[in-house]
Amino acid sequence: MLHALIKVKPNISAEDYHRLFLNMGRNDTIAQHLKVITKEPHVAGTPENFATADYVLSTFQKSGLDAHYTDYKVLLTYPLSRSLSLTLPQGEVIQLKLKEQEIESDPSTKNAKVIPTFHAYSPSADISAEVVFVNYGTEEDYSTLRDKGLDAKGAIVIAKYGRIFRGDIVDIAAGAGAVGVIIYSDPQDYGGNRTQGYYPDSRWLPPSGVQRGSIFGENGDPLTPGWPSLPDSERLSVDDPRTKLPTIPSIPISAEDATTIMKSFDGPIAPAEWHGALDLPAYRLGRGPSILNLHYKSNHTIAPIRDVFGLIKGSEEPNRYVLLGNHRDAWTFGACDPNGGTATLLEISQRLGKLLKQGWQPKRSILLCNWDAEEYALIGSTEWVEQNYDLLFSSAVAYLNVDEAVKGPGFMLQSTPQLDDFIQDIAKEVEDPDNPGKTIYESWASSSQDSRPSINRLGGGGSDYAPFVQHAGIPGTDFTFGEDFPAYHSLYDDYMWMAKYGDPLFHRHVALGAMWGLTALKLADAKVLPFNYATYADNLELYVDTLESQLSSANAPSFVSTNPLHKSISELRKAVLQIKKKAQELEALEDGSAELRSLNDHLVMAERAFTDADGLPGSPWYKHLVYGPSKINKYGTTAFPGISDLVALVAGDEANHSGDGWADVQHQIWRVSRAISRVALVIHGELS
């Protein structure tokens with residue numbers, strides 16, 4: 001009979017499905033996914049990482065999602081050989097260990113497949129030189145060193161991890177004339193100040209622990225800067241300076257090896273604030289008198305990587321996408337970074353699959369993204385965004401990122417400002433896993449000094465939100481629980497660490513999945529997208545206040561004015577009031593109406609208008625003029641980076657202090673002002 005073929009949609013509201021989603025969380029499912037994914041170490045480009053891709057693909061398929069993968073061939077690097085030895089003045093040679101200690105009670109630490117400690121993209125080298133201690137290796141630290149009558153020219157510098165991106169430590173050292181870099185994890189930052197024990201007896205990094213990582217400062221495949229690494233793509237040679245690959249070698253070492261090196265130091269005692277918690281009589285600056293011998297041989301090779309996707313098509317706007325993303329590759333086992341997020345993403349896919357079986361379908365499409373080679377340079381996400389840039393420009397609603405899902409207690413958020421209020425409302429619906437009877441919002445707000453949730457911005461380059469927000473101008477978020485993770489990128493980032501210290505009951509993962517998934521569901525189903533650009537305007541005003549203080553401190557000439565910024569922010573506020581009124585008028589319309597679609601398009605496209613085709617000065621890939629990384633710290637978020645970095649540069653250049661440099665600063669102010677005015681025009685929604 002004909003009527004038997006008609007599929008009747010159950011009379012259940014979107015809100016009902018959202019509540020069902022919240023009640024479906026399973027900590028045992030997340031734990032099992034994590035156990036499977038972290039069974040073997042899985043660096044990008046290895047068979048073990050392709051096995052994790054197969055597992056993700058299979059889980060998406062079994063959940064009922066339309067699953068597929070996309071491969072790229074990109075430049076990756078692996079260590080072939082490395083050694084570090086110390087030649088003492090009397091001729092004795094001490095071989096440093098460069099090895100993390102196995103732990104009897106943790107079988108993963110005995111896995112022979114774990115990649116040796118190294119820095120990705122370090123050039124090969126054989127060098128011998130005296131050593132200079134440079135604290136965290138920031139530009140300010142080198143200034144302090146010069147004040148002490150020392151410099152790094154011709155030396156190997158030893159620096160602590162913790163303040164800036166490791167690649168910036170290497171770049172700043174190269175600019176200071178150093179010939180090599182070694183970086184270690186000081187117990188003051190990663191070892192509980194040597195007072196609380198070490199893993200497996202506590203959460204802290206053992207003295208032999210080493211932080212691996214990339215020192216490449218750009219995003220994406222170095223050989224295809226700005227375009228996707230497809231099989232027939234143009235590729236630069238490794239020696240081409242346009243790759244911006246590191247020019248001096250670097251090796252990460254343990255606190256144990258750092259102690260051996262720094263015990264051999266002479267020279268002045270370092271400033272008190274430079275002292276850490278190594279077992280030393282005093283932290284000295286060097287140089288010498290011992291000589292450090294550094295050998296490193298790298299295999300730079302083109303290797304395949306695989307991004308995996310799971311799609312749920314929208315019923316009304318299938319060409320509008322809400323994207324959830326997490327990377328899969330890890331330097332070792334990746335229980336925290338990143339596979340707690342991967343396991344949670346898989347559990348979300350299973351929850352969504354159950355909703356599909358009950359008749360649910362989102363209004364807009366939901367795309368689950370699992371990236372590869374993030375650890376090298378956000379490569380999987382960057383290549384995909386570069387390949388799909390024009391489609392994403394017109395179709396992406398928001399990108400929701402999770403990297404290190406759980407490090408400990410306490411919800412933390414980074415976002416673009418128009419999403420702030422919306423995410424806070426989501427947090428009012430999810431129970432805090434560490435405070436029964438309280439919502440995440442209540443605990444989050446009470447943890448800050450002014451009883452308002454603390455929210456950071458997405459200007460740093462530390463995870464896969466960067467190509468979406470900073471390159472393509474797509475609204476974004478990044479969710480996590482916990483503030484610090486001492487076993488970061490080490491042998492000890494494994495399932496046992498997570499089960500003992502990160503999240504023993506896996507209830508934080510469930511809560512994070514609730515936040516992440518419910519955010520996606522509400523964005524996919526909202527009649528009017530919950531984007532509040534008034535919050536953006538408030539933040540822009542704060543950034544202008546900070547900029548004015550920076551200009552005053554730099555003694556900027558009187559012709560440098562922030563008036564254009566104030567004027568454009570005022571235009572933005574007027575446009576926001578207009579679109580809020582229009583949204584209220586349209587709420588009564590049927591879903592799918594042309595007027596609602598147009599309104600939502602303006603809300604989505606407004607973020608794109610903060611981008612500029614020419615990008616930031618000297619960094620054209622970064623196109624967002626409000627949020628981007630600092631030139632001296634890729635991990636640090638900078639507001640108005642094109643202005644802020646230039647002010648710092650011009651202020652430090654006496655020869656150009658009153659000349660063209662300040663005119664360039666004013667030009668950058670005008671560029672940002674024009675971008676804000678474009679945003680106001682898009683929100684207003686009418687041609688001028």
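Which helix gives the most to the lining of the largest cavity? Helix H19 (residues 594-608) does, with three residues.

## Model and confidence

This is a predicted model, in which local features need pLDDT of at least 70 and side-chain atom pairs count only at pLDDT 80 or more, while totals for chains, interfaces and linings use all residues. Residues are numbered from 1 along each chain as its sequence is written, and side-chain values use heavy atoms, with hydrogens and water left out.

The protein averages a pLDDT (the predictor's confidence in each residue, from 0 to 100) of 95, and 98% of the residues score at least 70. Over residues 1-8 the pLDDT is below 50, and this stretch has zero contacts (heavy atoms within 4.5 Å) in the model beyond near neighbours in sequence. Where pLDDT is low, the predicted coordinates should not be read in detail.

## Cavities

A cavity is a set of points on a 1 Å grid over the protein atoms alone where a 1.4 Å probe fits but cannot get out; lining residues have an atom within 4 Å of a point. Volume is the space filled by probe spheres set on the points, which are joined across faces, edges and corners. There are two cavities of 30 Å³ or more.

The largest cavity has a volume of about 90 Å³. Its lining includes Glu316, Lys363, Arg364, Asp591 and Arg597, and divides into two nonpolar, three polar and seven charged residues. Here Ala, Val, Leu, Ile, Met, Phe, Trp, Tyr, Cys and Pro count as nonpolar, Asp, Glu, Lys and Arg as charged, and the others, Gly among them, as polar. The second largest cavity holds about 50 Å³ of space, and its lining has seven nonpolar, three polar and one charged residues.

Helices are DSSP runs (H or I, at least four residues), numbered from the N terminus. Axes are lines fitted to C-alpha atoms over the stretch in contact, and angles run from 0 to 180 degrees between N-to-C directions.

The axes of H20 (residues 641-651) and H21 (residues 660-684) come within 9 Å and cross at roughly 170 degrees. The two helices are therefore roughly antiparallel (over 145 degrees) to each other. Residues of this contact include Ile643 and Leu646 of H20 and Trp662 and Val665 of H21; by class, the contact has nine nonpolar, three polar and one charged.

H17 (residues 533-553) packs against H20 at an angle of about 10 degrees, with the axes 10 Å apart. That makes H17 roughly parallel (under 35 degrees) to H20. Leu547, Gln550 and Leu551 in H17 meet Ile643, Ser644, Val647 and Ala648 in H20.

Conventions:
Angles under 35 degrees count as roughly parallel, over 145 as roughly antiparallel, 65 to 115 as roughly perpendicular and the rest as oblique. On a 1 Å grid over the protein atoms alone, a cavity is a set of points where a 1.4 Å probe fits but cannot get out, and a pocket is an open set with protein on both sides within 12 Å along at least five of seven lines; lining residues have an atom within 4 Å of a point.
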